[in-house]
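Open the model in your viewer and keep the sequence panel beside it. This tour tells you what to select at each stop and what is there.

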Amino acid sequence: MATVLKEPSRTFNEYLLIPGYSGMDARPENVSLRTPVVRFRKGEEPALSMNIPLTSAVMQAVSDDNMAVALAKEGGISFIFGSQSVESQAAMVRRAKRSKAGFVPSDSNLRPDATLQDVLDLKAEKGHSTIAITEDGTADGKLLGIVTSKDYRVSRMDPATKVTEFMTPFDKMVYGRDGITLSEANDLIWDNKVNQLPIIDDNQRLTAFVFRKDYDSHKEHPLELLDADKRYIVGAGINTRDYEERVPALIDAGVDILTIDSSEGYSEWQAVTLKWIRDNYGDKVKVGAGNVVDADGFNFLADCGADFIKIGIGGGSICITREQKGIGRGQASAVLEVAQARDEYFKKTGVYIPICSDGGIVYDYHMTLALAMGADFIMLGRYFARFDESPSAKLMVNGSYVKEYWGEGSARARNWQRYDMGGDAKLKFEEGVDSYVPYAGSLHDNVQMSLNKVRSTMCNCGSLNIQDFHKNAKLTLVSAVSIVEGGAHDVILKEVNSNSSNGR
């Protein structure tokens, strides 16, 4: 007969943290959320860590190049979705990697034969007032001049006027040379009282802009996650079908870390994929695997060489795997068991393999619970889909702004590779839905709010870093009655405070 586990399949909603002793140094500003991302040996430093324990899900509605830059600015990693052509995904990685902290690739460019009307049309489309005039009209063409709002007056000029008649020509521009530091670029901006500084190479080709307005923005992101060349760290998802073509293309584009995107990772498919990567690239290419929900799955992928392991089957808000197939596990139970397996593996081998909790997050405090239960970091879909930086459309529905959000197993995404078990290359039935999520504004503001809650709770538990939190956190199961008791009750609320629970 089947093996039946005695412990029920539990969710984050069924647990609360018990406060621990907190000293006078237990203040949110003293909490470090730095966390390892890839495997490392005892006594060594991991090759890659994050400054916050958040990653964005490998989903069409969540993770593109725009999200990758926005999340890296906060200190996390976005895994650009793989359910697209190899060329398209590599292009997204390449665009994100072209971004340096404070150095912005130009996305508003015109040829010298363009007109004022072209300038106005491009400004309306992009929303930017600085337009580079390059020889071929590309972002990295030979720079001939720039046009800003101070160079023209619509009421006094013919829309057919050529940009060469009113642009600031190259010989009258202040510019920086490729290789200049951000500090040196900002000094040039301030010393010359300009609002933007184009950066050019030895052939006068445009490589980036540095903007005066970004100075304060850069200061707002002290935790931004950068590589050795001051470019943002970028991740990408792969599958177990076309990895021999996709992996080299992503590496050539500059990707920093990969993850196998699969609904269920305890399989020979993932073992073969990991072996091919190790045989061809050794340990230079960092790749996560998953998803699993128990110790057996963790140990299998650990022995296969995964750099990190994702936990969770069927817990996502748009995932219907459990009701379609009757497979999965409550996210809390899964994280607790896999964390114990991770610790036992570390004791036995001296190799620490980070684990990622993927799915099941409804409220901000669920993030804290996932970390307390042993997760090194968290992967989020719906949470990030709500923000300006996600690639999905913002719509007005029933008087409220929403953003579209669909699962990779939905008919819309048709990401059959994620659910591949061999056979025909097609999605045999849906394991995800197409939906909306409430629009929530900017990523920066929301991430700051969520992590302030995490840091505050960690202080209440007497922990100033995630590693200590793993060791010292105390959890209690809650009853249905105590869940009701934990919210506002037996009062008439004057208004609903959206920050009180911050449901996702």
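## Stop 1: charged pairs

Select R10 and E7: their side chains meet in a salt bridge, with 2.8 Å from N to O. Keep in mind throughout that this is a predicted model. Side chains of opposite charge can pair when their charged atoms come close. R10 is buried, because its relative accessible area of 16% is under the 20% cut-off. E7 is partly exposed, with a relative accessible area of 46%.

Now select E337 and R329. Their side chains also form a salt bridge, at 2.7 Å from N to O. R329, at 13%, counts as buried.

Next, pick D376 and R342. The closest N and O atoms of this salt bridge are 2.7 Å apart. The pair links distant parts of the chain, since D376 and R342 are 34 residues apart. D376 sits in the loop between helix 11 (364–372) and strand 20 (377–380), while R342 belongs to helix 10 (residues 331–349). Are D376 and R342 buried or exposed? Both D376 and R342 are buried.

Over the whole structure, a search finds 19 salt bridges.

## Stop 2: the barrel

Eight strands form a closed barrel in the order 5-6-14-15-16-17-19-20, with parallel pairing. From one strand to the next, the twist averages 30°.

Start at strand 6 (77–80). Two bridges join strand 6 to strand 14, and these strands run parallel. Select F79 to find one of the pairings: its bridge partner in strand 14 is G235.

Then look at helix 1 (residues 65–74). Helix 1 lies across strand 5 (54–56) and strand 6, and runs at about 165° to strand 6.

## Stop 3

Select strand 15 (residues 257–260) and show its side chains. Which residues lie on each side of strand 15? I257 and T259 are on one side, L258 and I260 are on the other, and all of them are buried. Both faces of strand 15 are therefore covered.

Strand 14 and strand 15 run parallel and are joined by four bridges. The bridge partner of I238 is I260 in strand 15. To follow the chain between these two strands, trace helix 6 (residues 243–253): the path from strand 14 through helix 6 to strand 15 is a right-handed β-α-β crossover. Helix 6 lies across strand 14 and strand 15, at about 170° to strand 14.

On the other pairing of strand 15, select strand 16 (residues 287–292). Two bridges join strand 15 to strand 16, and the strands run parallel. L258 stands opposite V287 in strand 16. The chain gets from strand 15 to strand 16 through helix 7 (residues 268–281), and this β-α-β crossover is right-handed too.

## Stop 4: backbone details

Stay at strand 16 and select G290 and N291. A cis peptide bond joins G290 and N291, with omega about 10°. N291 lies in strand 16.

Phi of K193 is near 55°, a positive value in a residue other than glycine. K193 is exposed, because its relative accessible area of 73% is over 50%.

K230 is in the loop between helix 5 (214–219) and strand 14. Its phi is also positive, about 65°, although K230 is not a glycine. At 52% relative accessibility, K230 counts as exposed.

## Stop 5: a loop residue

Finish at S83, in the loop between strand 6 (77–80) and helix 2 (86–97). What joins the side chains of S83 and Q60? A polar contact of 3.0 Å does. S83 is buried, with a relative accessible area of 17%.

Key: Residues numbered from 1 in each chain as written. Predicted model: local features only at pLDDT ≥ 70, side-chain atom pairs only at ≥ 80, totals over all residues. Heavy atoms only, no water. Salt bridge = Lys/Arg side-chain N within 4 Å of Asp/Glu carboxyl O. Buried < 20%, exposed > 50% of the residue type's maximum accessible area, 1.4 Å probe, protein only. Pairing = 2+ DSSP bridges. Right-handed = clockwise from strand over helix to strand, strands pointing away. Polar contact = N/O pair within 3.5 Å; in protein donor to acceptor, adjacent residues only side chain to side chain. Axes fitted to C-alpha atoms, helices over the stretch in contact; angles between N-to-C directions. Contact = heavy atoms within 4.5 Å.
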